Amino acid sequence: VPPGEKRVFKTIVITPSGRRSLPTSTVMFNQAPIPAASYTRDSLGLRYTLMKGTFTSPDQPEYAQPVDSGVAKTLETAIFRKTYPNAGVIFNGYISIPADGVYNFSLNNYTDTQLWIDGNKIDDNQGALSLLKGFHKITVKYFYNAPPPNARRRPMTALRLYMIAPGTMDKKLITPDMLYN
């Protein structure tokens with residue numbers, strides 16, 4: 001794969017008896033490592049902007065009028081949902097990357113959440129980025145809508161952000177001590 005380009009590889013396994021597997025695909029991206037940002041403060045938490053309204057896409061809240069802003073120590077949105085049952089929130093700040101390498105990021109839900117690391121949107125099928133040690137810009141866009149009265153719907157799941165560090169296969173929750181503003 002030429003530098004800076006992506007290729008989709010599709011595979012099918014064929015056994016000696018002729019049975020075929022389901023097709024699988026992966027995206028290969030020959031990406032140069034992304035350098036760390038020149039962040040010098042040491043303030044935990046992410047800045048947030050809260051917008052009231054009913055949304056259908058994580059992109060929509062950024063065009064709405066903000067009703068609140070501040071610094072959140074975690075990505076927990078329960079306090080926002082109590083005051084504004086239909087709203088969107090955008091978290092901005094930095095994530096601390098402890099060592100150079102390829103990091104895999106994922107969310108617990110991609111329908112109501114978007115994740116951006118250093119301006120790169122992290123999709124559900126291509127969450128790997130080559131990052132250099134240091135602080136990297138992070139943006140999380142999230143919306144939630146209260147269910148209609150008497151609706152038979154599962155309760156809202158909490159916003160969760162995961163990372164797989166280089167050299168491991170352990171998917172770990174990103175902790176508040178990794179997030180800065």
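**Labels and the values behind them**

Guide: Let us begin with Asp-59, Glu-62 and Lys-141, which are linked in a network of salt bridges. This is a predicted model, where local features need pLDDT of at least 70 and side-chain atom pairs count only at pLDDT 80 or more, while totals for chains, interfaces and linings use all residues. Residues are numbered from 1 along each chain as its sequence is written, and side-chain values use heavy atoms, with hydrogens and water left out.

Visitor: Why is the contact of Glu-62 with Lys-141 called a salt bridge?
Guide: A salt bridge is a side-chain nitrogen of Lys or Arg within 4 Å of a carboxyl oxygen of Asp or Glu. For Glu-62 and Lys-141 the closest N and O atoms are 2.6 Å apart, so the pair qualifies. The two partners come from distant parts of the chain: Glu-62 is in the loop between S3 and S4, Lys-141 is in strand S10, and 79 residues separate them.

Visitor: What makes Lys-141 and Asp-59 a salt bridge?
Guide: Their closest N and O atoms are 3.9 Å apart, and the limit is 4 Å, so this pair counts too. Here again distant parts of the chain are linked, with Lys-141 in strand S10 (residues 134-144) and Asp-59 in the loop between strand S3 (46-52) and strand S4 (66-72), 82 residues apart.

Visitor: How many salt bridges does the structure hold?
Guide: It holds 3. One of them joins Arg-7 to Glu-5, with the closest N and O atoms 2.9 Å apart.

Visitor: How do you know whether Lys-141 is buried or exposed?
Guide: Buried means under 20% relative accessible area, exposed means over 50%, and partly exposed is in between (1.4 Å probe, protein chains only). Lys-141 has 10%, so it is buried. Over the protein, buried residues make up 32% of the 181 residues.

Visitor: How do you know what counts as a strand or a helix?
Guide: Both are DSSP runs numbered from the N terminus: helices are H or I with at least four residues, and strands are E with at least two. By that rule the protein has 1 helix and 13 strands. Strand S6, for example, covers residues 101-107.

Visitor: Why are S6 and S11 said to pair?
Guide: Two strands pair if DSSP finds at least two bridges between them. S6 and S11 (residues 161-164) have 4 bridges, so they pair, in the antiparallel sense. Leu-107 stands opposite Leu-161 in S11. The two strands belong to an open sheet of 4 strands in the order S9-S6-S11-S12, with antiparallel pairing.

Visitor: What makes S9 and S12 edge strands?
Guide: Each pairs on one side only; strand S9 spans 128-131 and strand S12 spans 171-173.

Visitor: What makes a group of residues a nonpolar core?
Guide: The members are buried Ala, Val, Leu, Ile, Met, Phe, Trp, Tyr and Cys residues joined through side-chain atoms within 4.5 Å. The largest one has 30 residues, and Phe-91, Ile-95, Phe-105, Leu-115, Ile-117 and Ile-138 touch the most other members. Strands including S5 (87-97), S6 and S10 give two or more residues to this core, and S5 gives the most, with 5 residues.
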